[in-house]
Structure formats: C-alpha cells, structure tokens
Amino acid sequence: MQDKDDIHPDAATAPGYLANHAARAFNRGVDAALKPHGLTMSLIGPLLLLSWKGPLLQRDLVRSSAVRQPAMVALLDRLETMSLIARSPSRSDRRASVVELTEAGREAARIGGEALVAGNAKGLEGFSPEETADLVGLLGRLIVNLDRS
C-alpha cells in the first residue's frame with residue numbers, strides 16, 4: 001500500500017480509487033507471474049475466454065469481453081503470431097473468422113488461469129471466508145452502481 005502521505009486524503013477513502021489501485025496491484029503481480037512464459041494480462045483474456053467457451057467467432061470474442069474491436073484484432077494477431085490461436089473462415093459466414101486455441105494456447109490458458117488464482121489468493125491472504133464473501137459482494141455492488149447509466 002502507498003504511504004498515506006503519498007495520496008490525497010480524499011483518495012485514501014474513495015472506493016473508486018481504492019478499487020482501481022487494487023486492480024493495478026493485482027495486474028502487476030499477475031503480469032510478473034506471466035512474464036517468464038511470454039504472456040501478459042491482456043493476452044490471457046482471449047485465451048481464457050476461448051478455453052472456457054471453445055471456438056468463437058471473432059466478433060463474439062469482442063462481444064464477450066471488455067476489449068473493443070480494434071484492440072481485439074491486435075491481440076488476436078499477436079496470439080496467432082505466437083501460435084496460441086488459429087483463425088479459420090466461418091462455414092456459415094465467409095466474412096467471419098472462427099478463433100480457436102492451439103495446443104500451445106490451451107497450455108498458455110492453463111498457466112494464465114493459475115496465475116490469476118494465485119494472484120487472488122495473495123490478495124485475500126488473512127481474509128476470513130466471511131470477509132472474502134463480503135468483499136466480493138460489495139465490489140459487485142460497486143460495479144453495478146458504476147455501470148448504471
């Protein structure tokens with residue numbers, strides 16, 4: 001945690017700031033665990049989605065994630081260059097591409113999943129099961145409130 005003199009007193013008690021700071025700290029830790037494998041947080045998102053849902057149309061990957069179309073195309077290009085995914089034309093729509101994991105992609109998704117689980121476990125060290133449930137519930141409510149138009 002930052003020294004209390006390093007941040008504005010209002011930020012130190014602002015849920016939005018604290019959630020954002022926690023997310024950045026989590027991402028740094030997971031990225032550090034993924035780096036030896038040539039992976040990053042941004043790269044494992046599509047891999048985990050494909051691991052969970054199976055082959056998907058590229059447009060469905062965009063719809064199922066928080067990543068916009070241009071960024072997803074760049075991620076998929078990089079994953080394909082790394083031989084972690086394969087793209088092929090859709091049989092039902094010539095304009096669409098089906099994206100699926102390669103064997104190496106399945107292994108990368110496994111590594112990514114383990115890094116995420118370990119990162120969450122580190123963040124919850126010392127929390128009781130009740131505190132963990134409370135935190136998850138409160139963060140869920142915070143997200144709903146912030147997503148509300």
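How do the residues of the lining of the second largest pocket divide into nonpolar, polar and charged? They comprise five nonpolar, three polar and no charged residues, where Ala, Val, Leu, Ile, Met, Phe, Trp, Tyr, Cys and Pro count as nonpolar, Asp, Glu, Lys and Arg as charged, and the others, Gly among them, as polar.

The structure is a predicted model, in which local features need pLDDT of at least 70 and side-chain atom pairs count only at pLDDT 80 or more, while totals for chains, interfaces and linings use all residues. Residues are numbered from 1 along each chain as its sequence is written, and side-chain values use heavy atoms, with hydrogens and water left out. The protein chain has a mean pLDDT (the predictor's confidence in each residue, from 0 to 100) of 92, and 96% of its residues reach 70 or more. Helices are DSSP runs (H or I, at least four residues), numbered from the N terminus.

Pockets were identified on a 1 Å grid over the protein atoms alone, a pocket being an open set of points where a 1.4 Å probe fits, with protein on both sides within 12 Å along at least five of seven lines; lining residues have an atom within 4 Å of a point. Grid points are joined across faces, edges and corners, and a volume is the space filled by probe spheres set on the points. The largest pocket holds about 990 Å³ of space. Its lining numbers 27 residues, of which Ala-19, Ala-22, Ala-23, Phe-26 and Leu-139 are the closest to the centre. At least two lining residues come from each of helix H2 (15-34), H6 and helix H7 (129-147), with H2 supplying the largest share, 13 residues. The lining comprises 19 nonpolar, six polar and two charged residues.

The second largest pocket contains about 160 Å³ and is lined by Gly-45, Pro-46, Leu-49, Ser-64, Ser-65, Ala-66, Val-67 and Met-72. Helix H3 contributes the largest share of this lining, three residues.

Leu-48 also lies in H3 (residues 41-53). This residue is partly exposed because its relative accessibility is 23% (buried, under 20%; exposed, over 50%; partly exposed, in between; 1.4 Å probe, protein chains only). Beyond its neighbours within four places in sequence, Leu-48 is in contact (heavy atoms within 4.5 Å) with Ala-109, Gly-113 and Leu-116. Pro-36, in the loop between H2 and H3, is exposed, at 66% relative accessibility.
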